[in-house]
Amino acid sequence: QAGLTQPPSVSKGLRQTATLTCTGNSNNVGNHGADWLQQHQGHPPKLLSYRNNNRPSGISERFSASRSGDTASLTITGLQPEDEADYYCSTWDSSLSAVVFGGGTKLTVL
Amino acid sequence: EVQLVESGGGLVQPGGSLRLSCAASGFIFSDHYMDWVRQAPGKGLEWVGRIRDKPNSYTTDYAASVKGRFTISRDDSRSSLYLQMNGLKTEDTAVYFCARFMRQAVAGRFWPYGMDVWGQGTTVSVSS
């Protein structure tokens, strides 16, 4: 089942800004936008952002999302050690009638 | 407190069956779509399937990898979600999470708000 494309890893320094990308097509990201989830090792995922640029209550303003065409992005400013985690994008795919996930990006904070 | 608690995982032989449960509390379970998502050891998240609510006829969708083998059901009176897994394969080995898929009605239509509540997961191992 086709999924979304994310870079496997990104490394940035403390207090720097990281931008993670998620590329799909017109059936998924281009039409429905994307959600972003954060997962720390050994824990369930946590919703960071939905429908491109909406944050659930309690999520830091350091996390912001956007979309341009078929690519969604998650920007994390002022990187902290606790931001080191795996990040996944997901959305509905109209052609598959299924939710698709990206393969995940492992963010390392140096 | 809004909570989801999965149970029913375990070790099963290839070709066997298992039924997972997800108990919801702290919210009106019947109002929500519910998803199952799994994660194989050391791998990423994989969506398994979704069940909609009563107004949407409890319709279901499944990932191609499990269609015809897995069945999602729910009992709104018990605030519980289920995943019946038949014909299990070694590649079904994973942690299985249930998740609430949030939607809200705004200006006359429902908008998706993502999988906003997750359980801790239950582990399924398929091995001979």
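How many residues does the contact take from chain A and from chain B? In this predicted model, the contact takes 16 residues from chain A and 23 residues from chain B. The size of an interface is often given as the accessible area lost when the parts come together; here chain A and chain B bury about 1,600 Å² between them, with 64% of that area on carbon and sulfur atoms. On the side of chain A, 31% of the area buried against chain B is supplied by Pro44(A), Arg51(A) and Phe101(A), which is more than any other three residues supply.

Three strands of chain A, namely strand 3 (35-39), strand 7 (85-93) and strand 8 (98-101), each supply at least two residues of the side that touches chain B. Sorted by class, this side of chain A has 10 nonpolar, 4 polar and 2 charged residues. With regard to specific pairings, the count of salt bridges between chain A and chain B is 0, while 3 residue pairs are found in polar contact across the interface, both residues of each pair being at pLDDT 80 or more.

Within chain A, an open sheet of 3 strands has the order 2-6-5, and its pairing is antiparallel. Strand 2 (18-23) and strand 5 (63-68) of chain A are the edge strands, each of them pairing on one side only, and the twist from one strand to the next averages 20°. Strand 2 of chain A is joined to strand 6 (residues 71-76) of chain A by 6 bridges, the two strands running antiparallel; in this pairing, Leu20(A) has Leu74(A) of strand 6 as its bridge partner.

Chain B likewise contains an open sheet, in this case of 4 strands in the order 1-3-8-7, again with antiparallel pairing. Its edges are formed by strand 1 (3-7) and strand 7 (70-75) of chain B, each of which pairs on one side only, and neighbouring strands of the sheet are turned by 15° against each other on average, direction ignored. Between strand 3 (residues 18-25) and strand 8 (residues 80-85) of chain B, which run antiparallel, there are 6 bridges, and Ser80(B) in strand 8 is the bridge partner of Ala23(B).

A further set of pairings in chain B involves strand 9 (residues 94-106), which is joined to strand 4 of chain B by 7 bridges in an antiparallel arrangement, with Gln39(B) standing opposite Val95(B) of strand 9. Strand 9 also pairs in the antiparallel sense with strand 11 (residues 122-126) of chain B over 3 bridges, where Val124(B) of strand 11 is the bridge partner of Ala94(B). Strand 10 (residues 109-118) of chain B is joined to strand 9 by 7 bridges, likewise antiparallel, and Val106(B) stands opposite Arg109(B) of strand 10. These two strands, strand 9 and strand 10 of chain B, form a hairpin with 2 residues between them, and Ala107(B) in the turn has a positive phi of about 55°.

Side chains of opposite charge can pair when their charged atoms come close. Over all chains, the structure holds 10 salt bridges. One of these salt bridges is formed by Arg50(B) with Asp35(B), whose closest N and O atoms are 2.7 Å apart. This pair links distant parts of the chain, given that Arg50(B) lies in strand 5 (residues 45-51) of chain B and Asp35(B) in strand 4 (residues 33-39) of chain B, 15 residues apart.

Conventions:
Residues numbered from 1 in each chain as written. Chains lettered and ligands numbered in written order. Predicted model: local features only at pLDDT ≥ 70, side-chain atom pairs only at ≥ 80, totals over all residues. Heavy atoms only, no water. Contact = heavy atoms within 4.5 Å. Buried area = accessible area lost by both parts, 1.4 Å probe. Salt bridge = Lys/Arg side-chain N within 4 Å of Asp/Glu carboxyl O. Polar contact = N/O pair within 3.5 Å; in protein donor to acceptor, adjacent residues only side chain to side chain. Nonpolar A, V, L, I, M, F, W, Y, C, P; charged D, E, K, R; others polar. Pairing = 2+ DSSP bridges. Axes fitted to C-alpha atoms, helices over the stretch in contact; angles between N-to-C directions.
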